[in-house]
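Open the model in your viewer and keep the selection panel at hand. Each stop below says what to pick and what is there.

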Amino acid sequence: MTDLTIFPADIAEMSVSQLAQLTPAQKLEVDVNLEKAIVWLKQARTKFDAALKQCYEEQAKAALLESGRDFGTAHISDGSLRIKFELPKKISWDQKQLGEIAERVVASGEQVKSYIDIKLSVSESRYTNWPPALQQQFAGARTVEAGKPSFTLSIDEEAL
């Protein structure tokens, strides 16, 4: 294998049959080129996502807060560019504390699975529907963190 001759753009244009007919050396070349392309794309995506975060996260989070939310979806604009910002909730539960709470629930004669999933986590919808007194018992075991934000870009034709 001397020079690289088959690049990812070429591969996209080739049929499965054409790819199958490549020589073993060409197949190895394709595999190596695809792996390099994947690494490059992941690095480029990570860097670009960081740039979007740097440019728009503060404004998008402010838009969420203005609407009375810490998490969810916000739409902002940068000239003709519309940005859909999504910040999901990421909930985790302290397993030791949930275990202790589960023991108290059982001791009181209730069924643990009415309140707690078997894997010792609590669904967010269930938690938010509990009465405040019950929520307060579980609050120490609950951690709320921001998930990974995402951005969806599109052009606003009317703003051009």
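The tour runs from the whole chain to single residues.

**Ground rules.** This is a predicted model: local features need pLDDT of at least 70, side-chain atom pairs count only at pLDDT 80 or more, and totals for chains, interfaces and linings use all residues. Residues are numbered from 1 along each chain as its sequence is written, and side-chain values use heavy atoms, with hydrogens and water left out.

**Stop 1: the whole chain.** Select everything and show a cartoon. The protein chain has six helices and five strands. Helices (H or I, at least four residues) and strands (E, at least two) are DSSP runs, numbered from the N terminus. Their order along the sequence is α-α-α-β-β-β-α-α-α-β-β.

Now draw a box along the principal axes. The C-alpha atoms fill roughly 75 × 45 × 25 Å. The radius of gyration is 25 Å, whereas a compact globule of 160 residues would have one near 15 Å. That radius is taken over C-alpha atoms, and the globule rule is 2.2 Å times the number of residues to the power 0.38.

Switch to a surface. The protein chain exposes about 11,300 Å², with 54% of it supplied by carbon and sulfur atoms. Accessible areas come from the Shrake-Rupley method with a 1.4 Å probe; for residues, only the protein chains shown count as cover. Of the 160 residues, 22% count as buried. Buried means under 20% relative accessible area, exposed over 50%, and partly exposed in between (1.4 Å probe, protein chains only).

**Stop 2: helix 3.** Select residues 24-66. How far apart are the end C-alpha atoms of helix 3? They are 59 Å apart, which agrees with the 63 Å that its 43 residues should span at 1.5 Å a residue. The expected span is 1.5 Å times one less than the number of residues.

Centre on Y56. Helix 3 bends there by about 55 degrees. The bend is the angle between axes fitted to the seven residues ending at a residue and the seven starting there. Y56 is also one of the buried residues of helix 3, which include E29, V30, N33 and L64. Step just past the helix to G68, where phi is positive, about 80 degrees.

**Stop 3: the largest nonpolar core.** Select W93, L98, I101, A102, V105, I116, V122, Y127, W130, L134, F138 and A141, the twelve residues of this core. A nonpolar core is a set of buried Ala, Val, Leu, Ile, Met, Phe, Trp, Tyr and Cys residues joined through side-chain atoms within 4.5 Å. Helix 4 (95-107) and helix 6 (132-139) are the elements that give two or more residues to this core. Helix 4 provides the largest share, four residues. Apart from this core lies another, of ten residues, among them A74, I76, L87 and F151.

**Stop 4: V122 and W130.** Show side chains around V122. Beyond its neighbours within four places in sequence, V122 is in contact (heavy atoms within 4.5 Å) with residues including W93, Y115, W130 and F138.

Move to W130, in the loop between helix 5 (124-129) and helix 6. W130 is buried, at 9% relative accessible area. The C-alpha atoms of W130 and Y115 are separated by 9.2 Å.

**Stop 5: G72.** Select strand 1 (residues 72-78), where G72 is found. Is G72 buried or partly exposed? G72 counts as partly exposed, at 24% relative accessibility. Leaving aside neighbours within four places in sequence, G72 is in contact with L64, F85, E86 and L87.
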